[in-house]
Amino acid sequence: CNYLRKDGDKNRVTVLSEPAAGAKKAQTAYRTLFHENGLSLLEITLLTGRSHQIRAQFAHAGTPLLGDDKYGDRLLNRRYDMHMQALYAYRLGFPVLPEEHFFHYLSGRIFSVSSVPFCRLFSGYKGGDIHA
């Protein structure tokens, strides 16, 4: 757990280890699915939803997202020819919501995709693409 302070003018967040004025608590859970050639494929669960949360927290930890020029490593991104963030919502689930809730039509629903494009970077990953 850490805290994120957003600078709206720069459209960038700063990661802080302690609470501070204007900073919001940010929690992220993850597990490593596969590791190869210095890259890791992760499954990430947001416990809070803050702007740039995943990107900023992982960069702050020294493990930036591949393809992220704002918080990441531009030279590494070019080495892998990544011009977009390797960040993909392969599954999106909604909690059960009361009938009067605006998003009740999404209550309990789960949406998923059959594959994630950048999984091709992991030739040894036996699961191939992510399968929901």
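This is a predicted model: local features need pLDDT of at least 70, side-chain atom pairs count only at pLDDT 80 or more; totals for chains, interfaces and linings use all residues.

Trainee: OK, how many bridges join E4 to E5, and do they run parallel or antiparallel?

Mentor: Strand E4, residues 28–36, and strand E5, residues 39–46, run antiparallel and are joined by eight bridges. Within that pairing, Thr32 stands opposite Leu42 in E5.

Trainee: And which residue takes a positive phi in that hairpin?

Mentor: That is Asn37, with a phi near 50 degrees, in a hairpin that has two residues between the strands.

Trainee: Switching topic: how many disulfides does the structure hold?

Mentor: The structure holds zero disulfides. As for individual cysteines, Cys1 is exposed, with a relative accessible area of 60%, whereas Cys119 is buried, with a relative accessible area of 3%.

Trainee: What about Asn77, buried or exposed?

Mentor: Asn77, which has its place in helix H2, residues 74–79, counts as buried because its relative accessibility is 1%, and the cut-off for buried is under 20%. Leaving aside neighbours within four places in sequence, Asn77 is in contact with Leu65, Leu66, Gly67, Asp68, Asp69 and Met82.

Trainee: Which residues have the most contacts inside the largest nonpolar core?

Mentor: That core has 14 residues, and those with the most contacts inside it are Leu41, Leu66, Tyr80, Met82, Phe118, Leu121 and Phe122. Apart from it lies another core, of six residues, among them Val13, Val15, Ala26 and Ala56.

Trainee: Back to Leu66, then: what is it in contact with, beyond its neighbours within four places in sequence?

Mentor: The contacts of Leu66 include Leu39, Leu76, Asn77, Tyr80, Met82 and Leu121, again leaving aside those sequence neighbours.

Key: Residues are numbered from 1 along each chain as its sequence is written. Side-chain values use heavy atoms; hydrogens and water are left out. Two strands pair if DSSP finds at least two bridges between them. Helices (H or I, at least four residues) and strands (E, at least two) are DSSP runs, numbered from the N terminus. A disulfide is a pair of cysteine sulfur atoms within 2.5 Å. Buried means under 20% relative accessible area, exposed over 50%, partly exposed in between (1.4 Å probe, protein chains only). Contact means heavy atoms within 4.5 Å. A nonpolar core is a set of buried Ala, Val, Leu, Ile, Met, Phe, Trp, Tyr and Cys residues joined through side-chain atoms within 4.5 Å.
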